[in-house]
Amino acid sequence: MKDLLPVRIDDGTPGPSKRDWIYQIINSGTFPAVEAVEIREFQAPSGTIYVIEVPLSPQAPHQSNDRKYYKRRGSHSEVMEHYEIEDVRNRPKRALMPLRVELHTQGILAYLRLANSHETDAVTQLRCEIDANFSLGHDGLAVLRDRGLRALLPGSELHFLLGSMIEVLQTQEPTITFKFSYAFHEATMAQSVTFYLADLDRTAIVTSPVERVLETLGNKIDKATDQLRELHRSAETLTSAVDGTGLRVSQRTLRT
């Protein structure tokens, strides 16, 4: 580096991958652990180059293992003052990461749910990279992967079909990672989430509250239909009844 600006890329680190070791050092050296950090590997002729990306954290501030908090100033780190720690801790966390990413199942189908938890501002220019170790046979994620979203309005949510869990679970330990980048409050945000779908193997699919209400309503309608059908049969039996003389029973007799 020269004047705090990168000049060139070095020859890389020789030997086997140290990606997991770097993750371990970062997570064990901070509390709470900086889980959102992303580490990418690039192969150079003489070794491996590591690119470490640390997005804004909703859990900041993070304490070092020496029980101190540090801030970056230029090319070196400084211990934070108490008021600086409190300032970071009291920042609104909901505005920091408004995008909510969840995996939902309905029957045998799996869906990706994206929601903007912010009450007034939209998430814009959302892009998504998808990395899965199983085949994405459906095109439910194609729009999200290829086009992205121009805007996700405040308080809104969208669902994208991931596929059939029967097909997904054909792969041993199926795993899928979504890496999002988007604009929010004039800043570029980055989020990453990984789902381990093997955890859903041999589990029960719990119905949502809406599904339970609809099922209860359907059962009541079926019961009422059966009762009406029984009343109809009883009415037909009464209207066709005859007395001992072989004559049809009069309406007066029926009423009696």
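Which side chains does a polar contact of 2.3 Å join? The side chains are those of Glu41 and Ser17. A polar contact is a pair of N or O atoms within 3.5 Å; within protein, one must be able to donate a hydrogen and the other to accept it, and residues adjacent in sequence count only if both atoms are side-chain atoms.

This is a predicted model, in which local features need pLDDT of at least 70, side-chain atom pairs count only at pLDDT 80 or more, and totals for chains, interfaces and linings use all residues. Residues are numbered from 1 along each chain as its sequence is written, and side-chain values use heavy atoms, with hydrogens and water left out.

## The chain as a whole

The chain holds six helices and 13 strands. Helices (H or I, at least four residues) and strands (E, at least two) are DSSP runs, numbered from the N terminus. Of the 256 residues, 26% are buried. Buried means under 20% relative accessible area, exposed means over 50%, and partly exposed lies in between (1.4 Å probe, protein chains only). Now take contacts, meaning heavy atoms within 4.5 Å. Among contacts with a separation of 6 or more, 59% are between residues 24 or more positions apart.

## Around Glu41

Glu41 sits in strand S2 (residues 38–44). Glu41 counts as partly exposed because its relative accessibility is 33%. Neighbours within four places in sequence aside, Glu41 is in contact with Ser17, Lys18, Arg19, Thr48, Ile49 and Tyr50. Val51 is 10 residues from Glu41 in sequence, and the two are 6.5 Å apart in space, C-alpha to C-alpha.

A hairpin of two residues joins S2 to S3. Strand S3 covers residues 47–53, and it runs antiparallel to S2. Two strands pair if DSSP finds at least two bridges between them.

| Strands joined | Bridges | Direction | Source |
|---|---|---|---|
| S2 and S3 | seven | antiparallel | |
| S8 and S11 | seven | antiparallel | |
| S9 and S12 | seven | antiparallel | |

Gln43 has Thr48 in S3 as its bridge partner. Leu114 stands opposite Leu158 in S11. Arg127 stands opposite Ser181 in S12.

The angles are taken between axes, which are lines fitted to C-alpha atoms (for helices over the stretch in contact), and run from 0 to 180 degrees between N-to-C directions.

Another open sheet has three strands, in the order S7-S8-S11, and its pairing is antiparallel too. S7 and S11 are the edge strands, each pairing on one side only. Neighbouring strands of this sheet are turned by 20° against each other on average, direction ignored.

Ser164 is found in strand S11. Ser164 is buried because its relative accessible area is 10%. Its side chain reaches the backbone nitrogen of Ile166 at 3.2 Å.

## The nonpolar cores

A nonpolar core is a set of buried Ala, Val, Leu, Ile, Met, Phe, Trp, Tyr and Cys residues joined through side-chain atoms within 4.5 Å. The largest has 27 residues. Leu112, Leu114, Leu144, Phe178, Phe180 and Tyr182 touch the most other members. Strands S7 (99–106), S8 (109–116), S9, S10, S11 (157–164), S12 and S13, together with helix H4 (165–168), each supply at least two residues of this core. S12 gives the largest share, five residues. Apart from this core lies another, of six residues, among them Tyr23, Val34, Ile39 and Tyr50.

Leu114 has contacts beyond four places in sequence, including Leu99, Leu144, Leu149, Leu158, Phe160 and Phe180.

## Helix H2

Is the side of H2 that carries Glu84, Ile85 and Val88 buried or exposed? In this helix (residues 82–89), Glu84, Ile85 and Val88 are buried. Seen down the axis of H2, the buried residues fall within an arc of 100°, so they line one face of the helix. The arc is that of the directions from the helix axis to the C-beta atoms. These buried residues pack against strand S5 (70–73). The face turned away from them carries the exposed residues His82 and Tyr83.
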